[in-house]
Amino acid sequence: MQPNTTTSATITIEAPTSIAMREIGEHIAHIVHGGDVLLLSGPLGAGKTTLAQGFGTGLGIKEPIVSPTFTIARELNGTFPNGDHAHMIHVDAYRLGGNDYAPGQDGIGRLLDELESLGLDEELEDPSGNTVILMEWGEQMAAALAPERLEIHISRPTAPTRNTNEPTSEGTRIVTLVPVGSDWAQRAATIAGK
């Protein structure tokens, strides 16, 4: 895995295969510690779950990592690289944040209410010392939940079709790491090989 570019603190990495995507996830797992929040975004079929599987492998999680789309959140246990217990909460926020707002409620308020009803609000706002949050489709709540976070954006290649470019399952994915906060900027730089 070689990063392609680094602009400011942003790191861009090519993932030509699912194996490469899993390796990126493993490398990210080696720089996390308790209390971290990672937001994973990209279109359907981009490789979010594949990256999450590599992340789980990097944390020594033995259970299968599957998309939590229908369960919204899965809690898994593993081990940080230093040997400490790791508790991963894998959240799929795709179905969160519907249009049913209370009078005067904003989008972030609605999301936080939904997370509270699932029992995830406190853990996401202030993860415990051994918990790592990996949230798919969580970019809409980034500012509300985590002032320090690693945003992971995956883009899918497109193929020209009649008058449009449609996503394709073939080709290299582009993974962009956007560290938010000085601590993340320093840790993400280790992936870039600085």
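Predicted model: local features only at pLDDT ≥ 70, side-chain atom pairs only at ≥ 80, totals over all residues.
A residue counts as buried under 20% relative accessible area, as exposed over 50%, and as partly exposed in between. Val66, at 41% relative accessibility, therefore counts as partly exposed.

**Overall make-up**

- The secondary structure of the protein comes to six helices and 10 strands, and of its 194 residues 44% are buried.
- When contacts between residues at least 6 apart in sequence are considered, 63% of them join residues that are at least 24 apart.

**Strand S5 and its partners**

- Strand S5 covers residues 85-92, and because seven of its eight residues are buried, this strand is largely enclosed by the rest of the structure.
- On one side of the pairing scheme, strand S4 (residues 73-79) is joined to S5 in the antiparallel sense over seven bridges, and within this pairing Leu76 stands opposite Met88 in S5.
- S4 and S5 together form a hairpin that has five residues between the two strands, and in the turn Gly83 has a positive phi of about 95°.
- S5 also pairs with strand S6 (residues 131-136), here in the parallel sense and over six bridges, with His87 standing opposite Thr131 in S6.

**The surroundings of Val66**

- Val66 is placed in the loop between helix H2 (48-58) and S4, the strand that pairs with S5 in the antiparallel sense.
- Leaving aside neighbours within four places in sequence, Val66 is in contact with Thr49, Arg74 and His90.
- Thr50 lies 16 residues from Val66 along the chain, and the C-alpha atoms of these two residues are separated by 8.6 Å.

**Aromatic side chains**

- A pair of aromatic rings is described by the distance of the centres together with the angle of the planes.
- For rings of Phe, Tyr and Trp whose centres would have to lie within 6.5 Å, the count of aromatic pairs comes to zero.

Technical notes:
Residues numbered from 1 in each chain as written. Heavy atoms only, no water. Buried < 20%, exposed > 50% of the residue type's maximum accessible area, 1.4 Å probe, protein only. Helix = DSSP H or I, 4+ residues; strand = E, 2+ residues; numbered from the N terminus. Pairing = 2+ DSSP bridges. Contact = heavy atoms within 4.5 Å. Phe/Tyr/Trp six-rings, centres within 6.5 Å; stacked < 30°, edge-to-face > 60°.
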